[in-house]
Amino acid sequence: MDVYKMRVARPTRNLEQVVRFYREGLGLELLGGFEDHEGFDGVMLGEKGAPYHLEFTVERGHEAPRSPSEDNLLVFYLPERTEWEQRVRRMEQAGFHPVRSRNPYWDAKGKTFEDPDGYRVVLYQGAWTR
């Protein structure tokens, strides 16, 4: 069975700052981008070969809203503690510091970081279970 591919797309207030958060902090790669595609500029970030990537766009002449809540999350499950520690350290070295999660479940085995638009990323030290 083929695995579904997923693109998470959303607008941003500041493309440069959000790219810095996800590229320098989280360690995602720049997979592509576009300029003035019918008034939109954007980038795709992810990991080559992964079944997902993130797209961030700016609509010219329009300011995107901030996250509607502190519980809008992207959760990355990192089963290997060493890799989890490296990812957390990378975020902190890029100047991003953990914030308290709205849902305390994520703080038990994870660290939550807030991007420039108020959306949050959880680095969870544990395996994905169904």
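Predicted model: local features only at pLDDT ≥ 70, side-chain atom pairs only at ≥ 80, totals over all residues.
User: At what angle do α1 and α2 pack?
Analyst: Helix α1 (residues 15-25) and helix α2 (residues 81-93) pack at an angle of about 140°, and their axes are 8 Å apart. Helices here are DSSP runs of H or I with at least four residues, strands are runs of E with at least two, and both are numbered from the N terminus. The axes are lines fitted to C-alpha atoms, for helices over the stretch in contact, and angles run from 0 to 180 degrees between N-to-C directions.

User: Why are both the angle and the distance given?
Analyst: Two packed helices are described by the angle between their axes and the distance between the axes.

User: Which orientation class does that give α1 and α2?
Analyst: The two helices, α1 and α2, are therefore oblique to each other. Angles under 35 degrees count as roughly parallel, over 145 as roughly antiparallel, 65 to 115 as roughly perpendicular, and the rest as oblique.

User: Is the crossing left-handed or right-handed?
Analyst: The crossing of α1 past α2 is right-handed. A crossing is right-handed if the near helix is turned clockwise from the far one by less than a right angle, and left-handed if anticlockwise.

User: Which residues make the contact?
Analyst: From α1 the contact uses F21, R23, E24 and G25, and from α2 it uses R87, R90 and M91. Contact means heavy atoms within 4.5 Å. By class, two residues are nonpolar, one is polar and four are charged. Ala, Val, Leu, Ile, Met, Phe, Trp, Tyr, Cys and Pro count as nonpolar, Asp, Glu, Lys and Arg as charged, and the others, Gly among them, as polar.

User: Is R87 buried or exposed?
Analyst: R87, which is in helix α2, is buried, with a relative accessible area of 18%. Buried means under 20% relative accessible area, exposed over 50%, and partly exposed in between (1.4 Å probe, protein chains only).

User: And what does R87 touch?
Analyst: Not counting residues up to four places away in sequence, R87 touches G25, L26, E47, L78 and L123. A polar atom of the R87 side chain also lies 3.0 Å from the backbone oxygen of L26.

User: What about G25, on the other helix?
Analyst: G25 lies in helix α1 and counts as buried, at 0% relative accessibility. Apart from neighbours within four places in sequence, G25 is in contact with R20, R87, R90, M91, A94 and F96. G25 and Q93 are 68 residues apart along the chain, and their C-alpha atoms are separated by 7.6 Å.

User: Which other residues of α1 are buried?
Analyst: L15, V18, V19, F21 and Y22 are buried in α1, along with G25. V19 has 15% relative accessibility and, leaving aside neighbours within four places in sequence, is in contact with E24, V43 and L45.

User: What is found at the start of α1, and what follows it?
Analyst: At the start of α1, a side-chain oxygen of N14 reaches to within 3.2 Å of the backbone nitrogen of E16. G27 follows α1 and has a positive phi, near 90°.

User: Changing topic, which side chains does R7 join by polar contacts?
Analyst: The side chain of R7 has a polar contact of 2.8 Å with that of H53 and another of 3.0 Å with that of E55. A polar contact is a pair of N or O atoms within 3.5 Å; within protein, one must be able to donate a hydrogen and the other to accept it, and residues adjacent in sequence count only if both atoms are side-chain atoms.

User: Where is R7?
Analyst: R7 is in strand β1 (residues 6-11) and counts as partly exposed, at 47% relative accessibility.

User: What is phi at D36 and at E38?
Analyst: D36, in strand β2 (residues 29-37), has a positive phi near 50°. E38, in the loop between β2 and β3 (40-46), has a positive phi near 55°. Most residues other than glycine have a negative phi.

Definitions and conventions. Residues numbered from 1 in each chain as written. Heavy atoms only, no water.
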